[in-house]
Amino acid sequence: MQQFFDSFGMMLEGMGQAKYYLLIVPGFMVLSLVFGMIYKKKQGNQAAKFREENPNASSILLQTGGTYVTPHSMTLHSIEGHESIFEVNKKGQFVYWLRPGSHTLEVSYVKSRPGVLHKRVTTTYGPAKLTVQVESGRSYALSFNKDEQFVFTQI
């Protein structure tokens, strides 16, 4: 093991300033991965606590995706003007949790496609306010249709 560290040290000495990039870039990557995992765990704990305190809570799944060529995404900015409680499911989709009743959601939708004169053409819809009625213990989907309207449906 000592031999490895000695040869690694000699390699770094011969690299000049490039050695800083060799150390700093992977260091930032590791730090961002660690902080990302901590944030995801915190959000999951917050959602679990909310579900425990509100056993009749309903979920909203954002319908996003697309392909590499034509990506699209939906963002739920706020619920009643407050930050929302969400978690990421096993498929990598955002699931938001709400108490039963009427809620005002602030959402936006972004779609992108290859352009003719530009590399990419991006269109943003919203943010728009959407009032929805949520029933106890139900699951809902929030999507964006071809008529350029937000659609809230029960799953």
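**Close-up views of a predicted model**

**View 1. Pro100 and its surroundings.** Leaving aside neighbours within four places in sequence, Pro100 is in contact with Asn56, Val134, Glu135 and Ser136 (contact means heavy atoms within 4.5 Å). This is a predicted model, in which local features need pLDDT of at least 70 and side-chain atom pairs count only at pLDDT 80 or more, while totals for chains, interfaces and linings use all residues. Residues are numbered from 1 along each chain as its sequence is written, and side-chain values use heavy atoms, with hydrogens and water left out. Pro100 sits in the loop between β5 and β6. Strands (E, at least two residues) and helices (H or I, at least four) are DSSP runs, numbered from the N terminus. Pro100 is partly exposed, at a relative accessible area of 33%. Buried means under 20%, exposed over 50%, and partly exposed in between (1.4 Å probe, protein chains only). Gln133 is 33 residues from Pro100 in sequence, yet the C-alpha to C-alpha separation is 7.7 Å.

**View 2. The largest nonpolar core.** This core has 19 residues. A nonpolar core is a set of buried Ala, Val, Leu, Ile, Met, Phe, Trp, Tyr and Cys residues joined through side-chain atoms within 4.5 Å. Residues with the most contacts inside the largest core are Ile60, Leu62, Met74, Leu76, Leu105, Leu142 and Phe150. At least two core residues come from each of β1 (58–62), β3 (71–79), β5 (94–98), β6 (101–114), β7 (120–134) and β8 (139–144). β7 gives the most, with four residues. Beyond its neighbours within four places in sequence, Leu62 is in contact with Met74, Leu76, Phe94, Tyr96 and Leu142. A second, separate core of seven residues includes Phe50, Ala57, Ile85 and Val95.

**View 3. The open sheet.** Four strands run in the order β2-β3-β6-β7, with antiparallel pairing. Two strands pair if DSSP finds at least two bridges between them. β2 (65–66) and β7 stand at the edges with a single partner strand each, so one side of each has no neighbour in the sheet. β2 and β3 pair over two bridges. Gly65 has His72 of β3 as its bridge partner.

**View 4. Helix α2.** Ile38 lies in helix α2. Helix α2 spans residues 18–53.
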